[in-house]
Amino acid sequence: MKNELLNPSDFIIPNWHAPANVHALQTNRDGGYSLAPFDSFNLGDHVNDNPIHVAQNRQLLSQYLPSEPVWLNQVHGIEAVDATNTNYVPVADASFTNQKNVVCVIMTADCLPVLLCDRAGTTVIAVHAGWRGLCDGALEASIDKACRAVHTRSSVKPADLMAWLGPAIGPSEFEVGNEVREQFIAKDANAALAFKKHDNSQKPDKWLCDIYKIATQRLNNLGVTQIYGGGHDENFCTFTQKEQFFSYRRDGATGRMASLIWLA
């Protein structure tokens with residue numbers, strides 16, 4: 001783990017064909033004040049880290065942003081809020097905006113972060129897609145609400161969007177039970193393609209789940225075909241890439257990374 005404080009090399013900048021006025025970045029675990037097991041750039045204020053260290057880390061992040069991010073109280077649900085009109089910490093797992101310099105953000109430590117924008121650069125969306133939210137329709141609900149909110153002004157449709165899938169637990173490590181697989185397949189039979197039988201004979205009821213594939217399927221179903229990042233042109237795995245990412249499943253007590261997007 002590096003000791004120096006945050007610098008631009010500590011960010012992952014999404015490699016996608018977004019318009020020039022769309023800005024996005026992904027933090028990792030390096031460059032902050034937090035001590036083990038939250039070392040060092042933990043941005044979560046709900047994980048029992050020293051609140052002074054979290055505040056210092058958020059202050060470090062702020063120098064790279066046009067405004068304070070609209071932080072969410074994430075609950076693994078499907079609620080999305082308009083970040084433009086939020087003056088508090090809402091209970092939600094996604095946010096969107098069509099206004100400049102409003103920063104949408106979600107936090108993760110194994111769950112899938114999904115950032116979206118339209119090809120015209122008029123709307124951005126950030127979605128926390130853990131398996132529960134993904135199964136229940138977090139992507140669909142967030143995209144629908146964002147598109148309806150701006151429809152009369154810019155006529156954004158789901159097919160106009162592109163997506164970047166950020167760091168999440170990878171398909172070789174995301175072990176789930178039959179009940180999780182069955183819930184996904186009940187919503188979409190094609191989800192069966194995202195599950196591989198665990199090759200450990202001691203775990204006959206366990207499967208390995210490719211959360212990137214399921215998110216891609218869900219986005220494709222909506223007409224979103226420009227998809228980048230994890231499962232496409234990046235090989236992210238929060239569980240195995242310990243030096244770079246926090247992982248709740250690996251460590252239990254750990255920090256949170258942020259995925260941020262805004263319009264300039």
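Between which two strands is the loop that holds Asp110? Asp110 is placed in the loop between strand 5 (104–108) and strand 6 (112–118), where helices (H or I, at least four residues) and strands (E, at least two) are DSSP runs numbered from the N terminus. The structure is a predicted model, in which local features need pLDDT of at least 70 and side-chain atom pairs count only at pLDDT 80 or more, while totals for chains, interfaces and linings use all residues. Residues are numbered from 1 along each chain as its sequence is written, and side-chain values use heavy atoms, with hydrogens and water left out.

Asp110 has a positive phi, near 140 degrees, although the residue is not a glycine. With a relative accessible area of 9%, Asp110 is buried; buried means under 20% relative accessible area, exposed over 50%, and partly exposed in between (1.4 Å probe, protein chains only). Most residues other than glycine have a negative phi, and most peptide bonds are trans.

The peptide bond from Ala36 to Pro37 is cis, with omega near 5 degrees. A cis peptide bond also joins Asp39 and Ser40, with omega about -5 degrees, and Ser40 belongs to the loop between strand 2 and helix 1. Asn48, likewise placed in the loop between strand 2 and helix 1, shows a positive phi of about 75 degrees without being a glycine. Asn48 counts as exposed, at 75% relative accessibility.

At the start of helix 1, a side-chain oxygen of Asn50 comes to within 2.8 Å of the backbone nitrogen of Ile52. This is a polar contact, defined as a pair of N or O atoms within 3.5 Å; within protein, one must be able to donate a hydrogen and the other to accept it, and residues adjacent in sequence count only if both atoms are side-chain atoms. The twelve residues of helix 1 should span 16 Å at 1.5 Å a residue, and the end C-alpha atoms are 16 Å apart, which agrees; the expected span is 1.5 Å times one less than the number of residues. In helix 1, the residues His53, Val54, Asn57, Arg58, Leu60 and Leu61 are buried. They cover an arc of only 155 degrees around the axis, which puts them on the same side of helix 1; the arc is that of the directions from the helix axis to the C-beta atoms. The exposed residues Pro51, Ile52 and Gln59 are carried on the face of helix 1 turned away from its buried side. Strand 1 (11–12), strand 2, strand 5 and strand 13 (257–263) are the elements against which the buried residues of helix 1 pack, contact meaning heavy atoms within 4.5 Å.

Asp110 is also among the residues touched by Arg250, together with Arg29, Thr238, Phe239, Thr240, Gln241, Lys242 and Phe245, not counting residues up to four places away in sequence. Arg250 lies in helix 6 (residues 248–251) and is buried, with a relative accessible area of 19%. The side chain of Arg250 reaches the backbone oxygen of Phe239 at 2.9 Å and the backbone oxygen of Phe245 at 3.0 Å.

An open sheet is formed by six strands in the order 3-4-7-6-8-12, with mixed pairing. Its edge strands are strand 3 (80–82) and strand 12 (226–229), each of which pairs on one side only. From one strand to the next, the twist averages 20 degrees. Two strands pair if DSSP finds at least two bridges between them; strand 4 (residues 94–97) and strand 7 (residues 124–129) pair in the antiparallel sense over four bridges. Ala94 stands opposite Val127 in strand 7.

Helix 5 (residues 211–222) lies across strand 6, strand 7, strand 8 (161–165) and strand 12, at about 175 degrees to strand 8. Axes are lines fitted to C-alpha atoms, for helices over the stretch in contact, and angles run from 0 to 180 degrees between N-to-C directions. Asp210 caps the N-terminal end of helix 5, with a side-chain oxygen 3.1 Å from the backbone nitrogen of Tyr212. The buried residues of helix 5 include Ile211, Ile214 and Leu219. Gly223, whose phi is positive, near 100 degrees, follows helix 5. Thr225 is found in the loop between helix 5 and strand 12 and counts as exposed, at 60% relative accessibility.
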